[in-house]
Structure formats: C-alpha cells, structure tokens
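The stops below go from one selection to the next.

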Amino acid sequence: QVQLVESGGGLVHPGGSLRLSCAASGSIFRLYTMGWYRQAPGLQRELVATISTASDTKYADSVKGRFTISRDSAKNTVYPQMNSLKPEDTAVYYCTAYRGENYWGQGTQVTVSS
C-alpha cells in the first residue's frame with residue numbers, strides 16, 4: 001500500500017508558475033506509475049500527466065508544453081512543474097500511484113487568478 005501527501009498548491013497569477021510535490025511512502029516507489037489528476041468545481045476529475053516506472057511521460061492536450069512531470073526516486077517524490085498557468089487550470093490537484101490499483105492523495109488546491 002502507498003500513502004501520498006501533496007503539497008505546493010496556492011494562489012498564482014495568470015502566466016505564473018507553480019511546482020507541486022507528492023511524497024510517497026509505504027511501498028517501493030520505483031515500482032509505481034505516478035500521475036496527477038485535477039478536478040475543477042462542477043467538473044469530472046481529469047488526467048493531467050503521468051510518468052511511468054521507466055520515466056515515460058504523458059500529458060493531457062490542455063497542458064502539453066506548459067507542464068512537466070518528473071520523479072525523484074531518491075526522495076520518493078513526483079513533481080509537476082506548471083508554467084504559463086491559466087485561470088482554467090484552477091482545480092484541486094490529486095497525486096496518484098498505480099500498480100494494479102490506484103492510490104490517491106488528499107489533494108491540493110491550485111487557484112490561478114489575478
């Protein structure tokens with residue numbers, strides 16, 4: 001089983017940058033595909049980005065070229081670097097770990113507003 005704790009959310013102006021962190025514990029980090037989802041008010045949770053055990057990455061079309069996901073196995077942490085943020089990026093961001101089943105963090109709020 002994996003425990004996930006997100007941090008780094010907050011308020012940022014449009015065009016700004018933010019880096020979230022997700023610290024994993026309880027299992028062998030390198031065996032899990034890691035990812036980030038987000039959920040805006042009134043909308044379904046959507047995939048933002050994933051990074052495999054081999055560090056292959058995938059991104060939602062809406063964030064390609066602006067977000068970069070990475071993982072640090074020494075720190076058991078996964079990061080999305082989010083640049084050129086837009087108001088439509090406002091959501092609760094959730095970290096997930098997958099290996100046969102999904103594990104979820106508690107979420108962190110990101111608000112993009114002037």
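A polar contact here is a pair of N or O atoms within 3.5 Å; within protein, one must be able to donate a hydrogen and the other to accept it, and residues adjacent in sequence count only if both atoms are side-chain atoms. The model is predicted, so local features need pLDDT of at least 70 and side-chain atom pairs count only at pLDDT 80 or more, while totals for chains, interfaces and linings use all residues. Residues are numbered from 1 along each chain as its sequence is written, and side-chain values use heavy atoms, with hydrogens and water left out.

**Arg71**

Select Arg71, in strand 8; strands (E, at least two residues) and helices (H or I, at least four) are DSSP runs numbered from the N terminus. The side chain of Arg71 reaches the backbone oxygen of Phe29 at 2.9 Å.

Is Arg71 buried or exposed? Arg71 is buried and has no salt bridge. Buried means under 20% relative accessible area, exposed over 50%, and partly exposed in between (1.4 Å probe, protein chains only). A salt bridge is a side-chain nitrogen of Lys or Arg within 4 Å of a carboxyl oxygen of Asp or Glu. The nearest side chain of opposite charge is that of Asp72, 8.7 Å away; Lys and Arg count as positive and Asp and Glu as negative, with His and the chain ends not counted.

Now show the surroundings of Arg71. Not counting residues up to four places away in sequence, its contacts (heavy atoms within 4.5 Å) include Tyr32, Met34, Ser55 and Val78.

**Two positive phi values**

Move to Ser55, in the loop between strand 6 and strand 7 (57–59). Ser55 has a positive phi of about 65° although it is not a glycine, and it is partly exposed at 42% relative accessible area. Next select Asn76, in the loop between strand 8 and strand 9. Asn76 has a positive phi near 50° and is partly exposed, with a relative accessible area of 25%. Most residues other than glycine have a negative phi.

**The disulfide**

Select Cys22 and Cys95, whose sulfur atoms are 2.1 Å apart and form a disulfide (a pair of cysteine sulfur atoms within 2.5 Å). The structure holds one disulfide. The angle about the S-S bond is -80°, and the link of Cys22 and Cys95 is left-handed. Cys22 lies in strand 4 (residues 21–25) and Cys95 in strand 10 (residues 91–98), so the pair ties together parts that are 73 residues apart in sequence. Both cysteines, Cys22 and Cys95, are buried.

**The core**

A nonpolar core is a set of buried Ala, Val, Leu, Ile, Met, Phe, Trp, Tyr and Cys residues joined through side-chain atoms within 4.5 Å. The largest one has 29 residues, and those with the most contacts inside it are Leu4, Met34, Trp36, Val78, Met82 and Tyr93. Strand 10 gives the most to this core, with four residues. Select Met82: beyond four places in sequence, it touches residues including Gly16, Leu20, Tyr93 and Val110.

Go on to Gly16, in the loop between strand 2 (10–12) and strand 3 (18–19). Gly16 is buried, at 18% relative accessible area. Gly16 and Asn83 are 67 residues apart in sequence and 6.2 Å apart in space, C-alpha to C-alpha.

Finish at Thr50, in strand 6. Thr50 counts as buried at 18% relative accessibility.
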